[in-house]
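Here is a friendly walk through one structure, feature by feature. Please keep the sequence and the 3D view open as you read.

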Amino acid sequence: MAQAQKITPRTKDFSEWYNDVIMQAELADYSPVRGCMVIRPHGYRIWELMQRALDDMFKATGHQNAYFPLFIPQSFLAKEAEHVEGFAKEVALVTHTRLRATGKEGAAAIEVDPESKLEEPLVVRPTSETIIYAMFAKWIQSYRDLPLLINQWCNIVRWELRTRLFLRTTEFLWQEGHTAHATETEAEAEARQMLGVYRKFQEDWMAMPVITGRKTESEKFAGALRTYALEALMQDNKALQAGTSHNLGQNFARAFNLQYQTAAGGLEYAWNTSWGVSTRMIGGLVMTHSDDNGLVCPPQLAPVQVAIVPIWKSDEERGQVSGVGGQVKAELEQAGIRVELDLRDNMKPGAKYFEWEAKGVPLRLEIGPRDVAAGQVMTARRTGGKAPARLDGLARTVGGALDEIQASLFKAAKDRREAHSIRGVTKPQFIEFMKQSGGFAYGGFCGSAACEAEIKRATAATVRVLPDPEFRSPETPKTCMWCDKPSVAEAVWAQAY
Ligand SMILES: [Zn+2]
């Protein structure tokens with residue numbers, strides 16, 4: 001049990017558990033730079049699988065990848081008033097470009113060369129709206145140049161004081177889509193379309209159910225007309241914002257003079273959208289599915305979907321079981337399954353099981369001499385359940401098991417979310433709910449920012465979204481659950497990451 005005991009149980013300390021799962025699964029590690037993390041190969045492979053699936057979906061919806069600079073002139077950020085206010089407190093600045101030797105010892109051996117001060121400081125991108133729309137303004141002249149549909153995979157920096165692996169780090173990886181359209185209707189359709197793409201990815205690949213909807217004015221992206229978001233409920237009943245899609249209106253087009261000639265010959269400002277998801281999703285995946293034995297990874301995103309562990313006592317048995325193991329591996333790979341054959345001599349099978357479990361491998365195949373004689377292997381699911389499977393047609397059996405695991409993870413997460421959701425909530429219920437278990441609370445909302453702020457102060461809960469129709473309660477609330485004034489929209493509250 002050596003491996004498993006290194007993981008703090010969820011009930012004891014959820015946050016410790018989260019860190020332990022990540023460290024044990026070797027997804028990431030702390031770095032010498034405060035607030036920055038190292039994504040280790042097992043974690044980076046999950047990101048690669050996420051990227052591949054999303055990138056295919058972006059391309060299928062007509063987007064192209066491009067790359068823009070890491071540095072943004074400070075003045076660019078200042079051009080859109082709300083935007084600069086939203087990011088001013090967390091930007092890293094480059095002010096000098098050189099160091100020089102001092103002739104002293106140790107850390108004092110080098111210093112900033114004052115001669116190298118930049119005339120205009122450069123911001124390390126906290127997001128790229130400003131520099132991208134400055135370029136769009138160069139490239140777009142007429143309505144024939146629209147829509148322009150661009151995506152960028154990159155890193156960004158937001159100077160965070162309180163950081164957590166994957167969830168909040170100073171530097172993180174993401175994609176940011178940026179588009180320009182001729183009309184508000186087209187921009188709105190694009191923002192909604194990409195929200196749908198994210199939802200499909202998070203539900204079908206991550207097996208993570210999400211609620212979609214619109215952010216309130218106080219929770220929207222700095223500089224956007226409207227922000228849409230996807231919200232998932234983690235196992236500690238806190239919400240995780242898993243992605244956002246913004247209709248930016250003409251705010252950035254005005255700031256960067258992004259105009260186009262209409263078919264009729266007039267000049268109009270373009271309409272923009274931006275949308276992004278990040279490595280934060282890996283944190284969401286961990287907190288949605290994992291257990292006290294470590295990572296549980298949905299098969300669609302598992303770096304290793306199947307681990308084969310041969311069991312032997314003698315050299316003769318070793319040759320026999322590893323031979324069959326090799327055949328099974330080849331057969332599964334042929335079927336497009338990501339598989340590892342664990343032939344390590346210095347570890348007992350039990351220790352191997354714990355290691356693959358901690359790493360979240362959905363399915364383990366155990367092959368002993370008796371299994372070989374019987375023409376079968378033993379299958380063990382990460383989510384529980386052992387059963388023998390015939391060597392004949394094994395790839396099909398394994399493929400079916402992986403599909404079942406994927407579906408059962410989604411169902412379990414959705415059932416858990418619904419069990420921790422409360423609808424038609426009243427103020428006393430709301431206060432009690434947020435004090436006790438927490439979760440998604442649905443209720444009427446008056447739309448007032450002051451009321452929203454008071455709820456946040458009193459309960460630490462924020463409006464996650466004004467949910468899209470399919471998530472709304474059958475009965476439309478008539479009054480604000482907090483202040484009793486008429487409700488303008490149903491809202492979903494939760495304490496959040
Ligand atoms: Zn109210």
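## Strands around strand 25

Thr462 stands opposite Ala494 in strand 25. Strand 24 (residues 462–467) and strand 25 are antiparallel partners, joined by three bridges. Strands pair when DSSP finds at least two bridges between them, and helices (H or I, at least four residues) and strands (E, at least two) are DSSP runs numbered from the N terminus. This is a predicted model, in which local features need pLDDT of at least 70 and side-chain atom pairs count only at pLDDT 80 or more, while totals for chains, interfaces and linings use all residues. Residues are numbered from 1 along each chain as its sequence is written, and side-chain values use heavy atoms, with hydrogens and water left out.

Strand 25 also runs antiparallel to strand 23 (residues 440–445), with five bridges between them. Here Tyr442 has Val492 of strand 25 as its bridge partner. Buried means under 20% relative accessible area, exposed means over 50%, and partly exposed lies in between (1.4 Å probe, protein chains only).

## The zinc site

Which residues hold the protein donors of the zinc ion? They are Cys446, Cys451, Cys480 and Cys483, each through its SG atom, at 2.3 to 2.4 Å from the ion. Donors are N, O and S atoms within 2.8 Å of the metal (3.2 Å for Na, K and Ca); water is not among the atoms, so sites may look incomplete. Along the chain, the donors follow the spacing C-x4-C-x28-C-x2-C.

The site is tetrahedral, with angles of 101 to 114 degrees among the four donor atoms. Four donors count as tetrahedral if all angles lie between 85 and 135 degrees. Cys480 is buried, with a relative accessible area of 1%, whereas Cys483 is partly exposed at 30%.

Three strands form an open antiparallel sheet in the order 4-8-5. Strand 4 (71–73) and strand 5 (93–96) stand at the edges with a single partner strand each, so one side of each has no neighbour in the sheet. From one strand to the next, the twist averages 40 degrees.

Three bridges link strand 4 to strand 8 (residues 117–124) in the antiparallel sense. Within strand 8, Val124 is the residue opposite Phe71.

## Two packed helices

Helix 2 (residues 41–60) and helix 6 (residues 184–204) pack at about 145 degrees, their axes 11 Å apart. Axes are lines fitted to C-alpha atoms, for helices over the stretch in contact, and angles run from 0 to 180 degrees between N-to-C directions.

Contact means heavy atoms within 4.5 Å. On the helix 2 side, Met50, Ala53, Leu54, Met57 and Phe58 meet Met194, Val197, Tyr198, Lys200 and Phe201 of helix 6.

## Backbone details in the loops

Most residues other than glycine have a negative phi, and most peptide bonds are trans. The peptide bond from Leu146 to Pro147 is cis, with omega near -5 degrees. Pro147 belongs to the loop between helix 5 (129–139) and strand 9 (148–157).

Phe166, not a glycine, has a positive phi of about 65 degrees. Phe166 sits in the loop between strand 9 and strand 10 (171–181) and is buried, at 3% relative accessible area. Asp484 also has a positive phi, near 75 degrees, and is found in the loop between strand 24 and strand 25. Asp484 is exposed, with a relative accessible area of 59%.

Technical notes:
Four donors count as tetrahedral if all angles lie between 85 and 135 degrees; four count as square planar and six as octahedral if opposite donors are over 155 degrees apart and all others between 65 and 115; anything else is irregular.
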